[in-house]
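Student: I have just opened this structure and would like a guided tour. Could we go through it together, one question at a time?

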Amino acid sequence: MKLYGIANCNTVKKARTWLEQHCAAYQFHDFKKQGLEPELAQCWLQQIGWESLINRKGLTWRGLSAEQKQIIKDNTSALPLLLEKTSVIKRPLLEQDGKLLHIGFDDVSYEKIFNFKS
């Protein structure tokens, strides 16, 4: 199980706290320190598409120029942005064996994924 995100992101912190409190084994991958491999980003794009992967409400997206935003029309055009500005990716991403299990964090979804009862 891997959790991808940025260490100082509040939602990532909540997910990590939940995982630790429930003794769920996971590895954390920090985009800021470890970057993002093009093959992994491509895999995610194939699974869920750029519209679900890019956080268009976040500061990074809002900080892009209108021209930069207009360029992003499909998975292929989104890939360079994901690799250059990893903070534009919705987070955290929970993955197991290459399959995305969840984007973001909420207790109910994590309880279902890990078969915990509240």
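Student: Which residues of helix α3 are buried?
Tutor: Let's start with what we have: this is a predicted model, where local features need pLDDT of at least 70, side-chain atom pairs count only at pLDDT 80 or more, and totals for chains, interfaces and linings use all residues. Residues are numbered from 1 along each chain as its sequence is written, and side-chain values use heavy atoms, with hydrogens and water left out. Helices (DSSP runs of H or I, at least four residues) and strands (E, at least two) are numbered from the N terminus, and buried means under 20% relative accessible area, exposed over 50%, partly exposed in between (1.4 Å probe, protein chains only). In α3, residues 38–48, the buried ones are Leu40, Ala41, Trp44 and Leu45.

Student: At roughly what angle do the axes of α3 and α7 cross?
Tutor: Axes are lines fitted to C-alpha atoms, for helices over the stretch in contact (heavy atoms within 4.5 Å), and angles run from 0 to 180 degrees between N-to-C directions. Under 35 degrees counts as roughly parallel, over 145 as roughly antiparallel, 65 to 115 as roughly perpendicular and the rest as oblique, so α3 and α7 are oblique to each other. Their axes come within 10 Å and cross at roughly 135°.

Student: Which side chain makes a polar contact with the side chain of Ser87?
Tutor: Ser87 sits in the loop between α7 (75–84) and β3 (93–96), and is buried at 18% relative accessible area. A polar contact is a pair of N or O atoms within 3.5 Å; within protein, one must be able to donate a hydrogen and the other to accept it, and residues adjacent in sequence count only if both atoms are side-chain atoms. At 2.8 Å, the partner of Ser87 is the side chain of Thr60.

Student: What is the omega of the cis peptide bond between Arg91 and Pro92?
Tutor: Most peptide bonds are trans. Pro92 belongs to the loop between α7 and β3. For the cis bond joining Arg91 and Pro92, omega is about -5°.
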